[in-house]
Structures are given as C-alpha cells and as structure tokens.
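Hi everyone, thanks for coming. I'd like to walk you through one protein model today, so please have a look at the screen.

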Amino acid sequence: MESTRVLEFLTEVEEAAEDVLTNKQQIVDLDLKRNMNREALSALRSTANSEKVMVCFGNMFIKLPKSKTQDMIRKDQEQLDKEINDLRKELKAKVNHLNVIQGKPELTGYNLSPLSADEVKAINHLMKR
C-alpha cells in the first residue's frame with residue numbers, strides 16, 4: 001500500500017518534470033527558428049536592390065518579391081514571439097506545480113514581468129526632474 005503511494009508520487013513528479021523539460025525544449029526550438037528568421041531579414045536588407053529573391057520552402061526554391069518575403073518573415077516572427085511568450089507563461093505555472101508536488105516553497109519573484117517601453121520612458125521622465 002505504501003509502495004503504491006510512493007510509486008504514484010514519483011510518477012506524478014516525473015510527469016511534471018517531463019512537462020517542464022518539454023516546454024523548455026519547445027522554447028529553445030522556437031528561439032532557434034526566430035534567430036534564423038532574423039538572419040534572413042538581415043540578409044534581405046543587405047542584398048542589392050533586386051526586386052525578387054529566391055526563398056526555400058521545404059525542398060524547393062521559389063522566386064518571390066523581396067517586400068513580400070520580408071512581410072512573410074516578419075509575420076512569422078510575430079507568431080513565434082507570441083508562441084514563445086505563451087510557452088514561457090505556461091512554464092512558470094508548470095514549475096510552480098512541480099514545486100508544489102515536491103513540497104518545495106513557491107519561487108519568489110518568479111512571476112515578475114519586465115517593464116514595458118512606455119513604463120521605462122515614464123520612469124526616465126520622472127527621474128530627470
């Protein structure tokens with residue numbers, strides 16, 4: 001009976017830890033894709049004033065207008081940013097859940113969020129007075 005409870009506890013902790021690790025790996029994978037998009041945008045900016053560029057989709061290359069390609073990459077960047085932020089929020093909840101299961105105290109200061117650009121400007125404006 002006691003061994004069954006211990007096994008259930010360990011299984012629950014292992015599943016929660018696996019969720020945390022999976023979430024972290026997804027963030028890393030999406031961040032790699034986001035960095036590749038940044039490199040692509042930089043490469044597009046540095047190309048000569050050509051109207052069309054070759055873009056790789058899967059295993060084929062397609063010639064597209066440079067502006068349309070940049071727009072597609074920017075939209076992809078926005079989607080990746082949203083997905084990464086959502087995963088980071090989920091990660092915080094999953095880490096807290098894992099700590100609760102293990103009987104550890106909740107992390108303090110972990111739910112803090114950075115100041116927005118407007119808040120930073122307001123603080124700088126007040127500090128100059």
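Predicted model: local features only at pLDDT ≥ 70, side-chain atom pairs only at ≥ 80, totals over all residues.

Let's start with the strands. Strand β1 (residues 52–57) and strand β2 run antiparallel, and 6 bridges join them. Two strands count as paired if DSSP finds at least two bridges between them.

Residues are numbered from 1 along each chain as its sequence is written, and side-chain values use heavy atoms, with hydrogens and water left out.

Back to the strands. Which residue in β2 is the bridge partner of Val55? It's Ile62.

A patch here takes residues with over 30% relative accessible area and no salt bridge, joining like charges within 9 Å and nonpolar side chains (Val, Leu, Ile, Met, Phe, Trp, Tyr) within 5 Å. The areas come from the Shrake-Rupley method with a 1.4 Å probe, and for residues only the protein chains shown count as cover.

Met60 sits in strand β2, residues 60–65. Is Met60 buried, partly exposed or exposed? Partly exposed, because its relative accessibility is 47%. The cut-offs are under 20% for buried, over 50% for exposed, and partly exposed in between (1.4 Å probe, protein chains only).

Glu8, Glu12, Glu14, Glu15, Glu18 and Asp19 form a negative one. Asp and Glu count as negative, Lys and Arg as positive, while His and the chain ends are not counted. Each charge is placed at NZ of Lys, CZ of Arg, CG of Asp or CD of Glu. Glu18, for one, lies in helix α1, residues 2–46, and at 43% relative accessibility Glu18 is partly exposed.

Now, salt bridges. I'm calling it a salt bridge when a side-chain nitrogen of Lys or Arg is within 4 Å of a carboxyl oxygen of Asp or Glu. How many salt bridges does that rule give? The count is 5.

One of them links Arg5 and Glu2, at 3.6 Å from N to O. Both residues are in helix α1, 3 residues apart, so about one turn of the helix. Arg5 is exposed, because its relative accessibility is 52%.

Another one pairs Asp31 with Arg34, at 2.6 Å from N to O. Asp31 counts as partly exposed at 24%, whereas Arg34, at 14%, counts as buried.

Over in helix α2 (residues 66–102), Lys82 and Asp86 are about one helical turn from each other because they are 4 residues apart. Their salt bridge has its closest N and O atoms 3.1 Å apart. Salt bridges with shared partners also join Asp31, Arg34 and Asp81 into one network.

Last stop: Arg74, in helix α2. Arg74 and Arg34 are 40 residues apart in sequence, and their C-alpha atoms are 10.0 Å apart in space. Thanks, that's my tour!

Technical notes:
Helix = DSSP H or I, 4+ residues; strand = E, 2+ residues; numbered from the N terminus.
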